[in-house]
Structure formats: structure tokens, C-alpha cells
Amino acid sequence: MSEIKNSNTPANPQDIKKIALLTSGGDAPGMNAAIRAIVRSAIYYNLKVVGVKNGFSGLINNDFIEMKSHSVSKIISRGGTILKSSRCPEFKMQQGRERAFNNMKAAGIDALIVNGGDGSFRGADLLYKEFGIPVIGIPCTIDNDIYGTDFTIGFDSAINTVIRAVDNIRDTAESHNILFFVEVMGRHSGFIALNSSIASGAEATLLPEIQTDIDQLCHFMEMERRKNKTSGIVIVAEGDEEGGAAEIAQKVKQRLPNYETRVTTLGHIQRGGSPSCNDRVLASLLGHAAVKGLLEGKTGLMAGQVNREIVFTPLEEAYTKRDKIDKNWIEISKIISM
Ligand SMILES: Nc1ncnc2c1ncn2[C@@H]1O[C@H](COP(=O)(O)OP(=O)(O)OP(=O)(O)O)[C@@H](O)[C@H]1O
Ligand SMILES: O=P(O)(O)OC[C@H]1O[C@](O)(CO)[C@@H](O)[C@@H]1O
Ligand SMILES: [Mg+2]
């Protein structure tokens, strides 16, 4: 394993004897691989491991299970999360977090590993800052919107699911001369849209990070048609400020009534399915690094991978800085899809 950077040292890491882990926010393919790596690494380092069910709700409701090596057998290939996940509004309130901390203390839990996205890291960071309990985050979200890691766990699997679907849509779009608007996930982030658009050869990509101009889009589509293209794919991130795919398709249809248009919303199929090899490897490395990091005294940090190295980044940076999309990629995707 590569050297671990950016340390942050709490009082007594050698006092850590029992750790807990949870999965939070939208599930992501590879969460199970992370759970497996955490549990097996913790056992290897002679720690006891507790699984928290249903994300932060499980901390508040004392929903803990002891994890053994066999508890994580044969889960590396499974999508979803065996610990289940949730969105837990109570955790946004101080009383909720205090209850969670008291339950952890009563259960003898010395440290926590949170597998989730930016929202989960906000919660994890507050728990660490308010109560001083050692906490490490692992970036698990299909959105890829976390600073401090090249990729989040689940992103690779999700974009592969998207491109398989778009390839299928392309077949029928071409056969029937249809302009398709395909909506992908990403309420605040266009990574899924941009990467899957490049990889599927889509004609246009609409993202929350970039102002959408419907007239410009229609003009572009007209130019494409003049090149004898009779069908097309527009990938729309669900968080686009002009609306979802259905709304945008309607606006285009008003301006280009001769076009035959259809809308497909890929929805939650993007979050499910067996994780890709890249996601399984990333989850395995980060799961191990999180446990090792706790034992080295790291806390309030996220374990990520940058340029193939394990890097620890303050949770606050991971969720505030966010990762930026490269706007040149949009231009490139246009150039090579013409
Ligand atoms: N500001 C906050 N303070 C405390 N807890 C928070 C905060 N924001 C989010 N959380 C906790 O984290 C949970 C998950 O957050 P959120 O729904 O934003 O998903 P996420 O972790 O960003 O994952 P994804 O975006 O992949 O679905 C929330 O339900 C809540 O319990
Ligand atoms: O239906 P849910 O669980 O609210 O999830 C939708 C959101 O979660 C994400 O899929 C990430 O998990 C976002 O891209 C999306 O906006
Ligand atoms: Mg999020």
C-alpha cells in the first residue's frame, strides 16, 4: 500500500479497540466491497467491528450488529449495501447527533467509518467536531462530486450502466429517426452526464454546472440534421436548471415541431447492479486505508485515491470544495460526435 499522506493526530489511537461502520445517502455499487474490506482489515488488526444498520438512523436508534469475517463473505460482487442506507433528517439536528454519540459510547464504540457522499460527510464531520470521536469517511456515491479523490466508489459502475442503456436507445433512435432526451442522475453534479455522454457519443450534454441555452441547442440540432443525421441523443443531468429531460424535450419540440422526440429517464437503475472491477478495487483499498488510518491516529479525514496514491483529505474540504468538471470536455465531446 502506498504511503498515507496528510495526517491529523487525535489523543490515543492505541485506545481504539472497537470500530463501527455505516453506509449513508444514496447507495452506490461498491459499498459492499468497502464493508468487506473494512471488516476484514479491522479483524486483521485485532479490532472488534460493529455494523450500523440504515446509515445515521441506526446510530440514533441503536441498530447495531456485530460483524465477523463470515458476515461479509460473498458480498464483493453485490450491488447495494448489506447494512442498508438511509437519508436521516434527525442527524442534521444536534440532539440527533448527541443521541447517536451516546449510543456509540454505551456500545463501547471508539471510532466510526462513514461510507457515503457529501451530505454523509457533513454529518460525519459534525459528529467528529462536536464529540471528538475519531471518524474517517470513504467516498461512496455515484455522483463523483467529492474533492480529494479522483473517483468516488460507484461512479464507474453507474456510468457503465448508463452507456449500456444509451447504446440500446441509440439503436432504436436510429431505426426510427428520433431525437432522444436521456435523463441521468446528478441533482447537483454533471459528472455522470458528461462522462457517459463522451463514452456513448451523444450529440449534446446538459449539465447543472453550465447554463443551458435552448435556442443554441436547437440551432445545433438543426446543423446536425443538415449533415443528414436523422437521429440524436441529448444527455440531460436531472439537475439541469432548464428542467429535467421531459421539460427540455418539450421546449425543443415547441421550437422544432418537425422533430420526432422521445424521453427516457434512466432513474435508479443507475445506482444498482454488480460493481465494476475498478469500483471493487477502489473500495477494497480505501476500506483498508480507513482502518489503518484510524489506527495511525487519523480522524476527521476522508480516505481517497489521487494519482493511484492513498491520500487523506479533511472531511470539510471533501464536501465543500467539491470536484469541478472540466468544461473543455464538453467542447471535445461535441467535436468528436459531429
Ligand atoms: N448538514 C448536515 N448535517 C448533518 N447531517 C447531514 C447534513 N447533510 C446531510 N447529512 C446526513 O447525511 C445523510 C446523507 O446525505 P445526502 O442525502 O446528502 O446523501 P449523500 O451522502 O450526499 O449521498 P448521495 O448524494 O450519493 O445520495 C442525510 O440524510 C443526513 O442524515
Ligand atoms: O431517490 P433518491 O434516493 O432521493 O436519490 C436521488 C439522488 O441520489 C443520487 O442518485 C445519488 O445517490 C443523486 O444523483 C440523485 O439526485
Ligand atoms: Mg451527495
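Modeller: Start at Phe180, which stands opposite Arg262 in strand 9. Bear in mind that this is a predicted model.

Colleague: What makes strand 6 and strand 9 count as a pair?

Modeller: Two strands pair once DSSP finds at least two bridges between them. Five bridges link strand 6 to strand 9 (residues 261-265), so the pair qualifies. The two strands run parallel.

Colleague: And how do you know that strand 6 pairs with strand 8?

Modeller: By the rule of at least two bridges again. Strand 6 and strand 8 (residues 232-237) are joined by six bridges and run parallel, so they pair as well.

Colleague: Why is strand 6 called largely enclosed?

Modeller: A residue is buried if 20 or more other C-beta atoms lie within 10 Å of its own. Six of the six residues of strand 6 (residues 179-184) are buried, so the rest of the structure largely encloses this strand.

Colleague: Which residues point which way from strand 6?

Modeller: Leu179, Phe181 and Glu183 point one way, while Phe180, Val182 and Val184 point the other, and all are buried. In a regular strand, side chains alternate between the two faces of the sheet.

Colleague: What makes strand 3 and strand 11 edge strands?

Modeller: Seven strands form an open sheet in the order 3-2-1-4-5-10-11, with mixed pairing. Strand 3 (64-66) and strand 11 (309-314) each have a single partner strand, so one side of each has no neighbour in the sheet. From one strand to the next, the twist averages 30°.

Colleague: How do you know that strand 1 and strand 2 pair?

Modeller: At least two bridges are needed, and strand 1 (residues 18-23) and strand 2 (residues 48-52) have four, in the parallel sense. Lys18 stands opposite Lys48 in strand 2.

Colleague: Last one, ligand 1. What makes up its shell by class?

Modeller: Four nonpolar, nine polar and five charged residues. Gly is counted as polar. Of the 18 residues around ligand 1, Gly25, Gly26, Gly117, Gly119 and Gly123 come nearest. Helix 4 (residues 118-131) supplies the largest share of the shell, six residues.

Key: Residues are numbered from 1 along each chain as its sequence is written. Chains are lettered from A and ligands numbered from 1 in the order in which they are written. This is a predicted model: local features need pLDDT of at least 70, side-chain atom pairs count only at pLDDT 80 or more; totals for chains, interfaces and linings use all residues. A residue is buried if 20 or more other C-beta atoms lie within 10 Å of its own, exposed if 12 or fewer, and partly exposed in between; C-beta atoms are placed from the backbone. A residue is near a molecule or strand if its C-beta atom, placed from the backbone, lies within 6 Å of it. Axes are lines fitted to C-alpha atoms, for helices over the stretch in contact, and angles run from 0 to 180 degrees between N-to-C directions.
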